[in-house]
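The following note concerns a pocket and a set of paired strands.

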Amino acid sequence: MMDELKDKLHSEQCSLVVLHEGNIRTFDGRGVRTLYDLMTNEPEVFLGAKLADKAVGRTAARMMVEGGVCEVYADVISEQAFSTLEDAGIKVTYNSKVNHQDFLNIWKRLGEITD
């Protein structure tokens with residue numbers, strides 16, 4: 001099932017794909033804003049969910065843990081995010097794991113943060 005989420009993440013050029021109770025939803029957006037909005041308005045979407053995300057940093061990982069996500073795929077994940085998810089017992093797969101500074105540099109290139 002995670003392969004289907006990853007395929008959708010890449011083929012539909014979205015930033016987040018969520019599988020919850022058999023329903024797949026895709027989201028566009030930037031940074032952790034989409035996760036924050038979901039946690040605020042639809043927190044039940046994360047309970048037992050599987051997520052495929054373009055980039056997962058520590059803040060996103062904390063929200064995923066708090067929301068009760070059970071599995072995460074990330075194109076890019078920071079070492080801190082990986083540890084946060086793994087320590088919570090969440091299954092994590094990724095394409096690339098980077099240190100915190102490299103993750104921030106990626107976010108700068110994507111326009112997520114500015115100097």
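1. A pocket is taken here as an open set of points on a 1 Å grid over the protein atoms alone, where a 1.4 Å probe fits, with protein on both sides within 12 Å along at least five of seven lines; lining residues have an atom within 4 Å of a point. A volume is the space filled by probe spheres set on the points, which are joined across faces, edges and corners. The model is predicted, and its local features need pLDDT of at least 70, whereas linings use all residues. Numbering runs from 1 along each chain as its sequence is written.

2. The volume of the second largest pocket is about 160 Å³. Its lining comprises 10 residues, of which Gly57, Arg58, Thr59, Phe103 and Leu104 are the closest to the centre. Helix 5 (100-109) and helix 3 (58-67) each contribute at least two lining residues, and helix 5 gives the most, with 4. Helices are DSSP runs of H or I of at least four residues and strands runs of E of at least two, numbered from the N terminus.

3. Strand 4 (residues 71-78) is largely enclosed by the rest of the structure, because 8 of its 8 residues are buried (under 20% relative accessible area, 1.4 Å probe, protein chains only).

4. Strand 4 pairs in the parallel sense with strand 3 (residues 50-56) over 6 bridges (pairing requires at least two DSSP bridges). Ala52 stands opposite Tyr73 of strand 4.

5. Strand 4 also pairs in the parallel sense with strand 5 (residues 91-98), over 7 bridges. Here Ile77 lies opposite Lys97 of strand 5.

Methods: Predicted model: local features only at pLDDT ≥ 70, side-chain atom pairs only at ≥ 80, totals over all residues. Heavy atoms only, no water. Buried < 20%, exposed > 50% of the residue type's maximum accessible area, 1.4 Å probe, protein only.
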